[in-house]
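Hi,

Here is the structure I promised to pass on. Have a look at it first, and then read my notes below.

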Amino acid sequence: MATRYDPQSFEPRWADEWHSGSVYAVPDDPGDKPKRFVMEMFPYPSGDLHMGHVENYTIADAMARYWRMRGYAVMHPMGYDAFGLPAENAAIKRGTHPEEWTLANIAKMRASFLRLGYSYDWAREVISCLPDYYKWNQWIFLEMFRRGLAYRKTSPVNWCPVDKTVLAKEQISTGVCWRCGSVPEIRDLTQWFLKITDYSDRLLDDMDQLDWAESLLTMQRNWIGRSQGAEVVFKLQVDGSNEAIDFPVFTTRPDTLWGATFFVLAAEHPAAAEMVRGTEQEAEFTRFVGEVRRQTEIERGAGKNKGGVRLPAVAINPVNGEKMPVWAADYVLMGYGTGAIMAVPAHDQRDFDFAREHDIPVRVVVQPEGSDPLDGDTMTEPAPGTGSLVNSGPLTGTRVNPQNQEGIVDVIAWLDSQGKGRRQINYRQRDWLVSRQRYWGTPIPIIHCPDCGEVAVPDDQLPVLLPPGADYTPTGDAVSPLANNEDFVNVTCPGCGGPARRETDTLDTFFDSSWYFLRYCDPKNPDAAFEPAKVAAWGPVDNYFGGVEHAVMHLIYARFFTKFFKDIGLLDFDEPFLRLFNQGHVSWDGKEMSKSTGHVIEASATVDAYGADSARTFILFSSPPAADYDFPADGFGEIGRVAHNWLSRVWRILEEPSGDPVPEALNRQVHRTVKAITEDMEEFGLNTAIAKMMELMNVFSKSEGPVPREAAETFLKLLAPIAPFMTEELWHRYGNQGSIHAEAWPDWDEELAAVQKITMVIQVNGKVRDKVEVAPDVTRTEMQELALGSDRVKEFLNGNEPLKVISVPPKLVNVVVKG
């Protein structure tokens, strides 16, 4: 007896059965089956899931289910990025301890994941804020510390005045804090860094192993910023001194050395402050540095402000002995190269703008081909860098092209032979600043001893636990709240036994997410971060799903950690994620969904109203998985009903199949659909796969009597990755044993899947004039286009429009023309 489609009557039951039965658990070794390690970027547990999250998780889950049915051993785990600012800020806002708030949210999210039918191996769950995980954060940090990759130094850093902590360079997005949007301040603080720059070349050179979007790889290449050029040593002479000190600069354009007319130091360069100390320029310089510190690196790098202070010194150009004025300027960054540049205004936009602003001479040294000789006094913009060298001493006449390094390598060779410079490679990437002045993070396992210096906490004393009753409120004075907890801070030095103080900064939460995928392979190991053999069995990750916004943070950091683990003998691969899929951005009514602002469509409310399968089906059908989607103003209202109504139709048509054999025409249609959907799934074309299911369902609806069971079961298998609950329910109602999700993906017969052709007759005024081969399901519009495109028909039309076109699908078209 037919029943109404009521997802609430069976979806929770199947969710419980899959979870309690560990249906999706996998062993530590995939065995003889080909393996697929599939995972999504694990979420911040600062609230429950919203529909923006659902898109990414549903795409990944549908593909994981598909690959299982295709015969792969699929490991599909889930965990929580539970430390850090998102969870801590939400807890502070509500007056709740971060641990209590975080674990409560994890329970909510886990329940939502289960209710949405995600096929996770829950035995592999990882929670980064628990000691059994962050103990290994600390061990990894100490391994880097022992190898010189973790170090502490004082440097200018970006301080977020809202989140009250420092930010890594990668966490400044378009000049503001990536998390809260505030403009960071520059402060001089002593912080911990990781030497990711030791891996810059490998991070670039190993990109050919990756099946990632080229746009994302380009973002990483630009961030690392490897550039080839020369180091050239200028001499700086302070006014009133007879001594000149060597001052190296890096330049990608050593061919323009003869065009340098001034020398620039970064405003915060120590040498600049030393030059003005005790002079009448000191006050002006100090005021200028204060203004520069309020600018972001992006603003400074653009060179729009053109601010600067003339310093009491000259720089001596090594190629011609010319003395040039020295300036401190805002557009030169201390973190790039040596914090100093030679300025060539004729051939660089920022140098040109600064020179015109401060009345500095402009000298042309590269003459573009095919143009009149340039005059530095009258130029209104800098000249491109390709052409022939002029006014360049012994190298005058040399042709240079910075795009292919033509001529530039010759200039570098000349500099080297004269002892005036040498070839050098420079990088934009800086070492990773990992200190955070917050409570909710992994304590850095270092002890500061007045006699021994920085001492590693012994491995047998790990983990260094967060004190549970400590005040977690950010201090705002550039120290962690842990610094005020005397019981935590005061310790005995493990080296000499004397009194010492514990490090009070915590690790950046991106440290946690740089290796969690490895812990999934061995999540309960109390004696090691992971067992290499278990990771070797499943790693690396075959398919990783997540947003492009992590291109220069998480994804670079995880690649760095993987290479480090290979270097110390724990891994046999050096790239963590072979294939990366970036889902589209989901918004609502034109605005980004945000838990912090409350502008979200809650996943739980959607599932309660329409069922999990409806939510999954719609989110996968709404747009191509990599494309953006904006929910309408009513959220999931009308569109939820559309998805629910289609699934109701599927239920109604397939609930009670017949035992009849599948008719030949229908069988051919089923085989064609299986082939087409398989091809779509292989290319992540989930939306087009669903569209083809809808087409097949339309064919079913026109069948005489119930759909034959063989065809119905094939359809359910195709739909299973998309709507796992309904397909499981109907599968069992048919009397099948075992889960539909353990069934093999449908196969097709190429002969049956081939599109049959029939002959379509084209008449003109009732007489046969042409014949063409068409598909049996050709439309009237397609028939008309074929007829009017026929050369034989065009002879009768003679450039005129037909009086009428009569189509009788699929075999006849009659074009009526004037007699």
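Let me start with tyrosine 5, which counts as buried because its relative accessibility is 4% (buried means under 20% relative accessible area, with a 1.4 Å probe and protein chains only). Please keep in mind that this is a predicted model, where local features need pLDDT of at least 70, side-chain atom pairs count only at pLDDT 80 or more, and totals for chains, interfaces and linings use all residues. Residues are numbered from 1 along each chain as its sequence is written, and side-chain values use heavy atoms, leaving out hydrogens and water.

Now the aromatic rings: the structure holds 53 aromatic pairs (Phe, Tyr or Trp rings, the six-membered one for Trp, with centres within 6.5 Å). Tyrosine 5 pairs with phenylalanine 10 at 6.3 Å between centres and 50° between planes, so this pair is tilted (neither stacked, under 30 degrees, nor edge-to-face, over 60). Phenylalanine 10 is buried too, at 1%. Tryptophan 258 and tryptophan 414 form another tilted pair, with centres 5.6 Å apart and planes at 45°.

Finally, the axes of helix 20 (residues 637-654) and helix 23 (residues 709-719) come within 11 Å and cross at roughly 155° (axes are lines fitted to C-alpha atoms over the stretch in contact, with angles from 0 to 180 degrees between N-to-C directions). The two helices are therefore roughly antiparallel (over 145 degrees).

Cheers

Definitions and conventions
Helix = DSSP H or I, 4+ residues; strand = E, 2+ residues; numbered from the N terminus. Parallel < 35°, antiparallel > 145°, perpendicular 65-115°, else oblique. Buried < 20%, exposed > 50% of the residue type's maximum accessible area, 1.4 Å probe, protein only.
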